[in-house]
Amino acid sequence: MGSSSTPAAAAAAAAAPSRRKVALYLALLTLQYGVQPLISKRFVRQDTIVTSLVLATEAAKVICAIILLIAEGSLKKQFSNWTFTGSLTASGLPAAIYALQNSLLQVSYKNLDSLTFSILNQTKLLWTAFFTFLILGQKQSSRQILALALLIGAAILLSVGESSSKGSKGVGSDYILLYGIIPVTVASMLSGLASSLCQWASQVKKHTSYMMTIEMSFIGSMCLLASTYQSPDGEAIRKYGFFHEWTFWTVVPVLMNAVGGILVGLVTTYAGGVRKGFVIVSALLVTALLQFVFDGKPPSLYCLMALPLVATSIFIYQKYPYVDRKKKD
């Protein structure tokens with residue numbers, strides 16, 4: 001039988017990066033996620049205004065994305081084909097969902113002990129797989145589902161060591177349910193939905209990851225700027241200035257975060273939101289290793305127990321993808 005691939009599919013396949021390049025994106029994002037907490041701890045002063053760091057990071061993301069578009073020679077084409085409606089469809093909804101998710105996480109974190117929060121927050125991996133199937137029709141094999149379960153188990157183990165020092169809140173169970181458990185559960189669901197929508201926009205609507213980065217950074221920055229009219233950070237910026245407590249080295253974590261944002265877009269586009277979940281959990285192990293190397297803090301027993309779970313889950317997920325038996329026949 002002749003080939004069933006269409007010219008459009010062939011062109012898309014040609015435009016897609018090689019497996020090695022995708023693996024490089026995944027490895028770099030894992031490293032960035034793992035290094036970021038240590039870099040921020042060393043180079044960001046305690047009294048630095050958080051909103052100024054976030055806005056600077058979003059601006060750096062936009063600059064990096066524009067430079068990359070210029071480098072690949074597609075800047076003019078991307079902006080000539082840009083439409084406001086297309087931008088809202090591809091980036092507006094995910095940006096709004098992520099903003100709501102972050103707000104819910106802040107509410108929940110204040111009213112739950114860290115262990116409960118971390119366990120419920122890891123369900124976003126399952127929600128990502130669910131919405132990827134619902135929106136994109138991307139199915140998981142039974143062994144891949146097992147791999148996701150192992151990954152969630154590893155994430156819970158890694159969370160235990162970090163949360164053991166924080167006890168339970170002394171408030172009523174109804175209050176905890178309403179302002180703790182429900183918000184983090186909804187936030188996890190929204191995280192999976194937003195990640196799947198980003199993947200849909202890039203893979204189905206053919207919205208490039210660089211343009212999505214620019215649009216989502218712009219929308220997120222506008223929302224954050226609007227919040228400064230009433231927020232404590234806004235008051236601090238008006239009183240002390242935007243760069244209060246910044247040093248020359250503060251630029252380092254800002255630029256690293258910006259590069260991470262670019263990599264997130266590339267990973268979501270070419271590897272998918274589920275694999276991004278593997279990156280996030282793997283990065284916790286990288287952080288633990290770096291803390292041992294640079295701070296002399298040995299990995300906890302939980303971290304050592306999680307390591308084989310993460311390695312096994314990644315191997316199973318990559319080795320046993322879903323195969324459509326009808327197409328195979």
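## A first question

At what angle do helix 3 and helix 12 (residues 251–270) pack, and how far apart are their axes? They pack at an angle of about 55°, with the axes 8 Å apart. Axes here are lines fitted to C-alpha atoms, for helices over the stretch in contact, and angles run from 0 to 180 degrees between N-to-C directions. Helix 3 is therefore oblique to helix 12; angles under 35 degrees count as roughly parallel, over 145 as roughly antiparallel, 65 to 115 as roughly perpendicular and the rest as oblique.

## About the model

This is a predicted model, in which local features need pLDDT of at least 70 and side-chain atom pairs count only at pLDDT 80 or more, while totals for chains, interfaces and linings use all residues. Residues are numbered from 1 along each chain as its sequence is written, and side-chain values use heavy atoms, leaving out hydrogens and water.

## The whole chain

The chain's secondary structure consists of 15 helices and zero strands. Helices (H or I, at least four residues) and strands (E, at least two) are DSSP runs, numbered from the N terminus. Of the 329 residues, 41% count as buried. Buried means under 20% relative accessible area, exposed over 50%, and partly exposed in between (1.4 Å probe, protein chains only).

Now for contacts, meaning heavy atoms within 4.5 Å. Among contacts in the chain with a separation of 6 or more, 89% come from residues 24 or more positions apart.

## Helix 3 and its partners

Back to helix 12: helix 3 passes helix 12 in a right-handed crossing. A crossing is left-handed if the near helix is turned anticlockwise from the far one by less than a right angle, and right-handed if clockwise.

## Aromatic rings

Nine aromatic pairs turn up in a search of the whole structure. Rings of Phe, Tyr and Trp (its six-membered ring) pair if their centres lie within 6.5 Å; planes under 30 degrees apart count as stacked, over 60 as edge-to-face and the rest as tilted. F242 and F243 form an edge-to-face pair, 4.9 Å centre to centre with 80° between the planes. F243 and W246 have ring centres 5.0 Å apart and planes at 90°, so this pair is edge-to-face. As for accessibility, F242 is partly exposed at 27%, F243 is exposed at 54%, and W246 is buried at 17%.

## Around F43

F43 sits in helix 2 (residues 19–43) and is partly exposed, with a relative accessible area of 25%. Ring pairs join F43, F248 and W249 into a cluster. Not counting residues up to four places away in sequence, F43 touches T247, W249, T250, V252 and P253. The C-alpha atoms of F43 and V254 are 9.8 Å apart, although 211 residues separate them along the chain.
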